[in-house]
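Have a look at the model first, then read on.

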Amino acid sequence: MKDAIRDPAELCRLVGLPDERLAAAQAAARDFAVFVPQRWIARMRYGDTRDPLLLQVLPTAEELASPAGFTADPVGDRLAGRTPGLLAKYSGRVLLVTTGVCAVHCRYCFRRHFPYSEAPRGRGAWRTALEEIQNDPTLSEVILSGGDPLTLVDEVLAELTMELAKIGHLRRLRIHTRLPILIPERVTDELLGWLRGTRLSPVVVVHVNHPVELDDAVAEALGRLADAGVPLLNQAVLLRGINDQLETLIELSERLIDCRVMPYYLHQLDRVAGAAHFEVPEATGRRLIEQMRARLPGYAVPRYVREEAGAAFKLGLSDS
């Protein structure tokens, strides 16, 4: 991660973009910084302005627009806060914002405006959140999110996991991460050790939007998790110009299954300020899911959902 590209000019140079793209990229990056691992850039098609990996990370002038309905907190994180960094949106589970650091800055990120400076950082700062979890016996699952929890070192994550395992009413530990996709070398023996080292049942949810993200190294990393007995799920976001074509979504699902990852959710874009240009009409999403059902086994078709602030569950957009 220390070698990741943070300069929009360097990103444009490395992928061979025309000079006219640079000014817009620099302007948009002032609001939400560029951060892209070089391994991700190496998989892009040089000179292709429509490359699906590039489009997920390239700042554009469209981010500077302010259409109605797009806000800084589209999923109600502020409303869901129980203690700093501890969010409770749904019954029986809470989400702990462990860090504001990610392995990549996705331009459609629904937390691109999240006040990470207010979230607790490190062992001592998590004590209040742990006490809140301890005092609520209705909770059975804790989700580690961020940012990306796997940007933290294994020693810290092992200690946090052991503290959670001491809370008797907890049963599951869920990790939301993109590290195995961006930097597959992150899946180490140490990671597998703490992930499987307590009584809590682990679940890892990754984020893959396009089949080209699943190269051999990523498949190997996911295989290590699967071989360790960790259930793997994928959440994708339906993104205009990236994965809003039937064949792309079918290939994504089939490749995920090959990697022993269940296609879990296909999210309608969270309407975060700066990401309106990625939005696909819901009618298009419904049609794509119906077409996928005609071509794939049921377990390979993700649920098409939308998250609404304050709702008790994610709204299914194609449930019959």
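The crossing of H1 and H2 is right-handed, meaning that the near helix is turned clockwise from the far one by less than a right angle. This is a predicted model, where local features need pLDDT of at least 70, side-chain atom pairs count only at pLDDT 80 or more, and totals for chains, interfaces and linings use all residues. Residues are numbered from 1 along each chain as its sequence is written, and side-chain values use heavy atoms, without hydrogens and water.

**Helix packing**

- The axes of H1 (residues 8-15) and H2 (residues 20-29) come within 9 Å and cross at roughly 140°.
- On the H1 side, Pro-8, Ala-9 and Cys-12 meet Leu-22, Ala-25, Gln-26 and Ala-29 of H2 (contact means heavy atoms within 4.5 Å).
- By class, this contact has 6 nonpolar, 1 polar and no charged residues.

**Aromatic pairs**

- The whole structure holds 3 aromatic pairs (ring centres within 6.5 Å; planes under 30 degrees apart are stacked, over 60 edge-to-face, the rest tilted).
- Tyr-108 and Phe-278 are edge-to-face, because their ring centres are 5.8 Å apart and their planes stand at 80°.
- Tyr-108 sits in the loop between S3 and H6, and Phe-278 in the loop between S8 and H12, so the pair ties together parts 170 residues apart in sequence.
- Tyr-108 is buried, at 5% relative accessible area, and Phe-278 is buried at 3% (buried means under 20%).
- Phe-114 and Tyr-116 form a tilted pair, 4.8 Å centre to centre with 55° between the planes, and both residues are buried.

Notes: Axes fitted to C-alpha atoms, helices over the stretch in contact; angles between N-to-C directions. Helix = DSSP H or I, 4+ residues; strand = E, 2+ residues; numbered from the N terminus. Nonpolar A, V, L, I, M, F, W, Y, C, P; charged D, E, K, R; others polar. Phe/Tyr/Trp six-rings, centres within 6.5 Å; stacked < 30°, edge-to-face > 60°. Buried < 20%, exposed > 50% of the residue type's maximum accessible area, 1.4 Å probe, protein only.
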